[in-house]
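I opened this model to look up a few places one by one. My notes follow in the order I made them.

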Amino acid sequence: MTGEAAPPLARSTLDRAAHRRADPGWLAEAWERARVLVLDSAADGRALVRGEAAPPELVLLGSGELSAVPRSVPMFLGVEPDGVPVFAVDAPLPELPGARAVNLREVGHLLVDRDAGIFTTALALLNWHIRHGYSSSTGHPTQVDEAGWSRIDPDGGRVWPRTDPAMIVLVHDGVAGPEGRCLLGNNATWPGTPGQRRFSCLAGYVEPGESAEAAVLREVREEVGVGVEEIGYAGSQSWPFPGSLMLGFLARADADEPVRVDPAEIAHARWFTRREIGAVLAGRPVDVGEGNRLVLPPPSSIALFLIHRWLDGHC
């Protein structure tokens, strides 16, 4: 998925070329001519970019530049439209003139489609490897196989990368125009910042045996005590922190139904008008009580994408 209609971390131009992952001869040749993204797991999965203005450019190195660098087994990400293969490695970030270290949350929304896809895929794969060093069946150590797309234990047991499905929903009242409202929550686990209170869409993991739509109904009812209907799918994106797939929805609720938060999950929840959300996006403060101003979710999240969809009347 590419372009402005896509959530920020759902953009890519790579051909994943999955048929190459079990071809050691091709992979060895491909590594010699590859572009390589270096991620540093010891630094929160940061990578290097160049350029202060948007869009910053992701720094990719030639494989020969890493010959003397301690690094992980290369992970094959895919092939670019120009035919050049792309790999990622876990290694300390080199010091390069004009380059700075960033995490995906900071720059994911600023990157061009190509760089967003490379960074997101590499980080998701790296975080999966970090969490699967041992077999969940036998407890034996596992090793990287298939160019980073599986791990195998001494008995031949193999595991493949997985993501945890989670739903995220923008609940709205179905009213058009500036006085139409959406229901946002402040998560009880988010760290506080003096003078600010962040509100975002409601979200939660899809439980075993449950559809994504059923999870929307359940999570909204559990977190804020409100029923929803007219659930509509809006898009999805990877959220590799450490390994989720966010399934985005819009859903309608009755704004007159009392909001009753579960304090274990939600510290504050309230309805906001399009006028208020538009003011914040325009840089104007909106008071949310106790000396705090409204802060919206970060631009790399699908939450802000959903808010924009609702703000523009796509519901």
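**Entry 1: the cavity.** I began with the lining of the largest cavity, which is made by Val36, Leu37, Val38, Ala47, Leu48, Val59, Leu61, Leu93 and Pro94. A cavity here is a set of points, on a 1 Å grid over the protein atoms alone, where a 1.4 Å probe fits but cannot get out; lining residues have an atom within 4 Å of a point. I looked up its volume, which is about 40 Å³. That volume is the space filled by probe spheres set on the points, with grid points joined across faces, edges and corners. My search of the whole structure found 1 cavity of 30 Å³ or more. Which strand gives the largest share of the lining? S1 does, with 3 residues. S1 and S2 each supply at least two lining residues. Strands (E, at least two residues) and helices (H or I, at least four) are DSSP runs, numbered from the N terminus.

**Entry 2: ground rules.** I noted that this is a predicted model, where local features need pLDDT of at least 70, side-chain atom pairs count only at pLDDT 80 or more, and totals for chains, interfaces and linings use all residues. Residues are numbered from 1 along each chain as its sequence is written, and side-chain values use heavy atoms, with hydrogens and water left out.

**Entry 3: the sheet around S1.** I traced an open sheet of 4 strands in the order S4-S1-S6-S5, with mixed pairing. Its edge strands are S4 (61-62) and S5 (75-79), and each pairs on one side only. Two strands pair if DSSP finds at least two bridges between them. S5 and S6 (residues 85-90) are antiparallel over 4 bridges. I found Gly78 opposite Val86 in S6. Helix H1 (residues 24-32) lies across S1 (35-39), S5 and S6, at about 85 degrees to S6. Axes are lines fitted to C-alpha atoms, for helices over the stretch in contact, and angles run from 0 to 180 degrees between N-to-C directions.

**Entry 4: Ser41.** I found Ser41 in the loop between S1 and S2 (47-50). Is Ser41 buried or partly exposed? Ser41 counts as partly exposed because its relative accessibility is 33%. Buried means under 20% relative accessible area, exposed over 50%, and partly exposed in between (1.4 Å probe, protein chains only). Beyond residues up to four places away in sequence, Ser41 touches Asp90, Leu126 and Ile130. Contact means heavy atoms within 4.5 Å.

**Entry 5: around S19.** I moved on to S19 (residues 292-295), which runs parallel to S13 (residues 196-198) over 3 bridges. Arg198 has Val295 as its bridge partner in S19. S18 (residues 287-289) pairs with S19 in the antiparallel sense over 2 bridges. In the hairpin of S18 and S19, Glu290 takes a positive phi near 55 degrees.

**Entry 6: Ser300.** My last stop was Ser300, in the loop between S19 and H6. Ser300 counts as buried because its relative accessibility is 1%. Its contacts beyond four places in sequence include Pro8, Leu104, His109 and Trp239.

Note on methods. 1 Å grid on protein atoms, 1.4 Å probe; cavity = no way out; pocket = protein on both sides within 12 Å on 5 of 7 lines; lining within 4 Å.
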